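Student: Could you walk me through this structure in plain words? I have not looked at it before.

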Amino acid sequence: MFERGGFGGGEPDFLDAPPSIDQLRAERIDTLAALRRHRAWLDYQEQILLAEIAADPGDSPLWRAKNLAREEVACALLVAEPVAEAMLHAAAELITRLPAAAAALHHGVISLPQARILVEAIAGLDAESTAKLEAAVLPRAGTQTASAFRRSVTRARARLAPTEI
């Protein structure tokens, strides 16, 4: 069925005992976890590119006036223009205002949905409150689902800026 040892791992040694069902299950789970970390790294790379595109003022007033960056991203990624605009904004916020979260995404500690939850939460916060929120929620983020992370972020933001919610 599938070649043992990964992708093109070479010839199997027929003298070895075949792996047990438990070993195969564990290998599948380990591979899924590794793929998730790789996906987070790719998501980080995409966020870097989107942030660079968002920061590029363009060569002409037409580029800025018509928001051609949004249109170009929408065409390239096959998404609606408002979605592209939201992606550009979220990436710029993540990369410029949430460096620890960006690093956590880069290293596969958090997922892109978790990073976006944090980006949403910093709307209206100053730099100091943003840094405090990031520091408060990131230590546990790698062990939380996106929904559990959202609850943590919501609680932490309410403690930091109760009147700003």
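**Salt bridges and their surroundings**

Tutor: Arg97 forms a salt bridge with Glu93, and their closest N and O atoms are 2.9 Å apart; a salt bridge here is a side-chain nitrogen of Lys or Arg within 4 Å of a carboxyl oxygen of Asp or Glu. This is a predicted model, in which local features need pLDDT of at least 70 and side-chain atom pairs count only at pLDDT 80 or more, while totals for chains, interfaces and linings use all residues. Residues are numbered from 1 along each chain as its sequence is written, and side-chain values use heavy atoms, with hydrogens and water left out.

Student: Where do Arg97 and Glu93 sit relative to each other in helix α4?

Tutor: They are 4 residues apart in helix α4, and are therefore separated by about one helical turn; helices are DSSP runs of H or I with at least four residues, strands are runs of E with at least two, and both are numbered from the N terminus.

Student: Is Glu93 buried or exposed?

Tutor: Glu93 is buried, with a relative accessible area of 16%, whereas Arg97 is partly exposed at 26%. Buried means under 20% relative accessible area, exposed means over 50%, and partly exposed lies in between, using a 1.4 Å probe and protein chains only.

Student: How many salt bridges are there in the whole structure?

Tutor: A search of the whole structure finds 6 salt bridges. One of them joins Glu120 and Arg150, with the closest N and O atoms 3.3 Å apart. Glu120 lies in helix α6 and Arg150 in helix α8 (residues 146–160), so this pair ties together parts that are 30 residues apart in sequence. There is also a network of salt bridges that links Arg70, Glu81 and Glu85.

Student: New topic: what does Gln114 touch?

Tutor: Leaving aside residues up to four places away in sequence, Gln114 touches Val109, Ala141, Gln144, Thr145, Ala146 and Phe149, where a contact means heavy atoms within 4.5 Å. Gln114 is found in helix α6 (residues 112–121), and is buried with a relative accessible area of 4%. A polar atom of the Gln114 side chain lies 3.0 Å from the backbone oxygen of Gln144.

Student: And which helices does the loop with Leu78 lie between?

Tutor: Leu78 is in the loop between α3 (68–77) and α4 (81–97), and its phi is near 55°, a positive value in a residue other than glycine. At 77% relative accessibility, Leu78 counts as exposed.

Student: How many helices and strands does the chain have?

Tutor: The chain has 8 helices and 0 strands, and buried residues make up 30% of its 165 residues.

Terms used:
A polar contact is a pair of N or O atoms within 3.5 Å; within protein, one must be able to donate a hydrogen and the other to accept it, and residues adjacent in sequence count only if both atoms are side-chain atoms.
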